[in-house]
Amino acid sequence: PAEAAGGVKMIKNLLGAFRFTGVRFMPTGGVNPENLAAYLAVPEIVACGGTWLVPKDALAAGDFARITALAAEAVALVKKLRG
């Protein structure tokens, strides 16, 4: 759980010791559209995961249009941030 473990600050602290190893991160747990940009601003973070992409209620209802829309919003945000 990235956010519960210290979020971006924790990852940057780990990079202080391990950047030279070529380590890369894919944080999940507490990552959401509001903090995604902060995570993706760290070059060693190659991807993020989050349950906001597939909410339980949307999955249970078979609301794949909503899930598709959320995924499209996430892709657009990543493209905006990473080019």
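**View 1. The surface of the predicted model.** The protein exposes about 5400 Å². Carbon and sulfur atoms supply 64% of that area. The model is predicted. Of the 83 residues, 28% count as buried. Along its principal axes, the C-alpha trace spans about 45 × 30 × 20 Å.

**View 2. The helices.** The protein has four helices and zero strands. Read from the N terminus, the order of elements is α-α-α-α. Two of the helices are H1, covering 7-18, and H2, covering 36-40.

**View 3. The largest nonpolar core.** This core has 14 residues. Those with the most contacts inside it are Ile11, Val31, Leu36, Tyr39, Ile45 and Cys48. Helix H1 (7-18) and helix H2 (36-40) are the elements that give two or more residues to this core.

**View 4. Around Ile45.** Ile45 is among the core residues with the most contacts inside the core. Set aside its neighbours within four places in sequence. Ile45 is then in contact with Ile11, Phe25, Pro27, Tyr39, Leu40 and Arg82. Of these partners, Ile11 and Tyr39 are also listed among the core residues with the most contacts inside it.

**View 5. The charges.** The protein carries 9 positive and 6 negative charges. The mean positions of the two sets are 10 Å apart.

Notes: Residues numbered from 1 in each chain as written. Predicted model: local features only at pLDDT ≥ 70, side-chain atom pairs only at ≥ 80, totals over all residues. Heavy atoms only, no water. Buried < 20%, exposed > 50% of the residue type's maximum accessible area, 1.4 Å probe, protein only. Areas by Shrake-Rupley, 256 points an atom, 1.4 Å probe, with all protein chains shown as cover. Lys, Arg positive; Asp, Glu negative; His and termini not counted. Charge placed at Lys NZ, Arg CZ, Asp CG, Glu CD. Core = buried A, V, L, I, M, F, W, Y, C linked by side-chain atoms within 4.5 Å. Contact = heavy atoms within 4.5 Å.
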